[in-house]
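The note below was prepared for a colleague who wishes to review the fold of this protein. Please read it alongside the coordinates.

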Amino acid sequence: MAEKKSRSFVEQRRQTILRILREKGRAGVSELAEKLGISTLTVRRDLDELEGRGLVSRRYGEAVLVEGDEMLGGSPAYSPSKVIKERIAEAAADLVDDNELLFVNTSTTALATVKHIKSHGVTIVTNSMHGQDLTVPEGGMVLVTGGEVRPPRGVLSGEFALANIRSVAASTCFVGCGGISLTAGVTSTTQQEAIVNSLMVERSDRLVLLAASTKLGVSAGFSYADLSQVNLLITDKDATDEDIAVLLDAGIHEIRRV
């Protein structure tokens, strides 16, 4: 079934708009359209629906989140999205064998995987500036690629990072994404991240994609992998049977809901 006709994808796109607003507090219609890879008309329709639910307020061409203590980017100790990320991260960590060499990108879900790894002697290679804060697996190590620092998430990119990634042959690549689209594939919100992620995928034997169901049906703007390159997608239980069938038909090898 075509992506644009999937009701579940439409709702997930709207949840992605809410996630963007939680992170930024407010965003313009054109900005949202660019991030999601959709038309401004579609964005306005989604915002009309969200405003009708009392979740969004429209002001001077911008959308503003009206979700209480999360409105200005607060980070409560408990939230459904954090629980989902931890479940996905734990499931990913269970896949790791002793002495593996892994790529982990700057996705918060991918980085959360590291602290759940129980295997011995695992080496983590990450392009996150915060790699120094990760829990090192027993008998293993964390290597940071270096490179140009891009705030606010501490993404390391550029030729210095790419040169170091080219020297690595990893068994598994654990990456998050900005969105998963039938037309654009696996996408990132910035070109620099997409270039790094693409090379990590190329230099790995296996691609494990970690993504909440809210990212299904969304194009974040910059493609870095075809769906056929995804060996395993780990997502949450809100992904519908229809979502799973569509993505498997599009080329993803295996999908697990946790």
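The numbered points that follow concern a predicted model and go from overall content to individual residues.

1. Overall content. The protein contains eight helices and 15 strands. Of its 258 residues, 50% count as buried. Among contacts with a separation of 6 or more, 58% are made by residues 24 or more positions apart.

2. Strand β14. Residues 232-235 form this strand, and both of its faces are covered. L232 and I234 are buried on one side, while L233 and T235 are buried on the other. In a regular strand, side chains alternate between the two faces of the sheet.

3. The partners of β14. Strand β12 (residues 204-210) runs parallel to β14 and is joined to it by three bridges; within this pair, L209 stands opposite L233. Strand β15 (residues 255-257) also pairs with β14 in the parallel sense, again over three bridges, and here T235 stands opposite R257. Between β14 and β15 the chain passes through helix α8 (residues 241-249), and this β-α-β crossover is right-handed.

4. The largest nonpolar core. In soluble globular proteins, nonpolar side chains tend to be buried together. The largest such core in this model has 32 residues. Those with the most contacts inside it are F103, I180, V186, L209, Y224, L233 and L247. At least two residues of this core come from each of α6 (159-166), β9 (170-175), α7 (191-202), β12, β13 (222-225) and α8. Helix α7 gives the most, with five residues.

5. Which residues does L247 contact, leaving aside its neighbours within four places in sequence? They are I180, L182, L216, L227, L233, I252 and I255. Apart from the core described in the previous point lies another one, of 22 residues, which includes A92, L95, A110 and I117.

6. The three-stranded sheet. An open sheet has the strand order β10-β11-β13, with antiparallel pairing. Strands β10 (179-181) and β13 stand at its edges with a single partner strand each, so one side of each is left without a neighbour in the sheet. On average, neighbouring strands here are turned by 45 degrees against each other, direction ignored. Strand β11 (residues 185-188) is linked to β13 by three bridges in the antiparallel sense, and V186 stands opposite A225 of β13. Helix α7 lies across β11 and β13, running at about 10 degrees to β13.

7. Residue T16. Is T16 buried or exposed? Its relative accessible area is 1%, so T16 is buried. T16 lies in helix α1 (residues 7-24). Not counting residues up to four places away in sequence, T16 touches L36, T214, K215 and V218. The C-alpha atoms of T16 and G178 are separated by 9.3 Å, although these residues are 162 residues apart along the chain.

Definitions and conventions: Residues are numbered from 1 along each chain as its sequence is written. This is a predicted model: local features need pLDDT of at least 70, side-chain atom pairs count only at pLDDT 80 or more; totals for chains, interfaces and linings use all residues. Side-chain values use heavy atoms; hydrogens and water are left out. Buried means under 20% relative accessible area, exposed over 50%, partly exposed in between (1.4 Å probe, protein chains only). Helices (H or I, at least four residues) and strands (E, at least two) are DSSP runs, numbered from the N terminus. Two strands pair if DSSP finds at least two bridges between them. A crossover is right-handed if, with the strands pointing away from the viewer, the path from the first strand over the helix to the second runs clockwise. A nonpolar core is a set of buried Ala, Val, Leu, Ile, Met, Phe, Trp, Tyr and Cys residues joined through side-chain atoms within 4.5 Å. Contact means heavy atoms within 4.5 Å. Axes are lines fitted to C-alpha atoms, for helices over the stretch in contact, and angles run from 0 to 180 degrees between N-to-C directions.
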